[in-house]
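Visitor: I would like a close look at a single part of this protein, with the terms spelled out as you go.

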Amino acid sequence: MRRASRRAAAATAILVTSALSLTGCGASGDTGGSDSASGKVEGQVTFQTWNLKAHFKKYFDGVIAEFEKKYPDARINWIDQPAEGYPEKLSADAAGGTLPDVVNVSPDLTYPLAKAGLALNLERAAGKYRGEYLDAAWQSQQMPGMRGVYAFPWYLNTGPMFYNKELFRRAGLDPAKPPTTYDQLFRDAVAMAQKSGRKIAMLASTPSIEDFGRYGVRLMNAQGTAFTFNEPKGVELLRHYRELYAAGALDSQALTAQAESAGRKFEQQSVAMNPGSALDLGNFRKDAPSLYKNIGITDAVNNTGKANMYVQGLMVNAQSRVEPAAVAFAHFVTDRQNQMAFAKQVTVFPSTKGSLDDPYFTEEDGTDVTRVRVVSAKSLKTAVNYTPVLLSDQMKTVLRNAVAKAVQGKQSPKAALDGAVAECNRLLKTG
């Protein structure tokens with residue numbers, strides 16, 4: 001399973017260009033499809049998933065069989081694409097007029113198709129279903145500068161934070177009260193570094209765009225036409241990280257660290273906090289038993305009261321010739337019953353209201369998987385997707401490089417972020 005992360009900027013640019021060439025419109029978005037998806041559910045619906053068939057064929061075969069039983073005049077043609085090259089595949093389909101009727105997408109891949117009028121506005125066509133989904137999940141399928149929602153929310157995920165209770169004790173910190181706000185994090189991180197003689201860092205990575213969002217920084221303007229993470233609050237966050245780095249509270253290799261190397265630092269107990277998953281917890285028990293017995297699990301630090309949400313969706317092709325059936329099937333796959341069944345097969349979470357109150361997500365049974373699942377499910381009830389759909393991988397690199405310069409003291413936090421915003425906005429206009 002993959003998280004709903006950004007794809008390559010080049011592929012997204014290709015997708016935009018191809019889609020616009022096909023439709024011959026610039027920012028229609030809201031024009032595709034009829035005002036209602038009502039009508040007889042009949043015909044063949046082409047349903048495309050994203051690297052799911054190898055492990056979940058039995059599940060999807062069952063869902064399809066149930067749908068065809070409910071709607072005997074409809075048939076589902078399920079195709080699955082590999083993870084590698086998925087954006088390019090969407091681009092080719094958009095350009096060739098062969099986009100499937102129902103498509104598995106993340107919000108960043110929905111955007112260019114919605115802007116080109118190829119994604120059905122479900123707020124209009126199927127707004128009656130809105131109340132079935134978590135508000136933030138439904139809103140995650142809104143597109144910048146456009147009215148409406150352009151995919152049914154599907155499965156969600158989030159990242160809990162692991163922390164080392166023993167390292168907290170040694171630093172004189174309460175292991176039962178890990179930091180929940182950034183001010184607490186900065187305070188505890190400095191204490192950790194001081195008590196350990198700079199041998200133990202609190203964190204092993206610099207702030208990403210999600211951190212800016214969790215800190216309370218406004219990432220884009222209301223129109224979705226320009227990045228704004230260089231506002232004073234963004235500069236303030238980066239200044240704090242610069243101070244952490246100088247104090248030894250941020251690992252010395254954080255500027256170049258990848259998620260895997262940060263994880264190794266945590267496993268070696270030279271870093272006190274690190275994001276992770278149930279899989280990591282199992283590895284700790286096997287490979288680092290001394291760490292495992294002292295593991296604490298909490299939400300990622302934030303100033304907003306809301307965790308970060310990774311989200312997948314099912315988009316309906318606005319040019320589908322079987323629109324009523326396509327909308328009905330996309331809703332069927334993402335309804336409460338089917339999302340719950342899927343979540344019990346893989347470590348994901350349903351986007352439907354009430355599902356996260358199920359005992360499966362609230363009651364622990366002593367296993368590692370359940371420990372993480374319960375914490376994550378609780379945070380997802382109010383989580384939001386902080387990462388702007390318009391932030392490409394290229395833009396992420398621009399921000400990462402700016403953060404590194406500021407943290408090292410090679411550039412002031414304000415100058416670094418001003419430069420990053422200027423470049424990201426330039427890429428936004430030319431991309």
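Where is the place of N294?

Guide: N294 sits in the loop between α13 (289-292) and β7 (295-298), where helices (H or I, at least four residues) and strands (E, at least two) are DSSP runs, numbered from the N terminus. This is a predicted model, in which local features need pLDDT of at least 70 and side-chain atom pairs count only at pLDDT 80 or more, while totals for chains, interfaces and linings use all residues. Residues are numbered from 1 along each chain as its sequence is written, and side-chain values use heavy atoms, with hydrogens and water left out.

N294 counts as buried because its relative accessibility is 12%; buried means under 20% relative accessible area, exposed over 50%, and partly exposed in between, with a 1.4 Å probe and protein chains only. The side chain of N294 reaches the backbone oxygen of S290 at 3.2 Å, a polar contact being a pair of N or O atoms within 3.5 Å, where within protein one must be able to donate a hydrogen and the other to accept it, and residues adjacent in sequence count only if both atoms are side-chain atoms. If neighbours within four places in sequence are left aside, N294 is in contact (heavy atoms within 4.5 Å) with Y163, N164, K165, E166 and R169.

R198, in the loop between α8 (182-195) and α9 (209-215), has a phi near 70°, a positive value in a residue other than glycine, and R198 counts as exposed because its relative accessibility is 52%. Q269, in the loop between α11 (259-267) and β6 (273-275), likewise has a positive phi, near 65°, and is not a glycine; at 22% relative accessibility, Q269 counts as partly exposed. Most residues other than glycine have a negative phi.

Among contacts between residues at least 6 apart in sequence, 77% join residues at least 24 apart. The radius of gyration of the protein, taken over C-alpha atoms, is 23 Å, which agrees with the value near 22 Å that a compact globule of 431 residues would have by the rule of 2.2 Å times the number of residues to the power 0.38.
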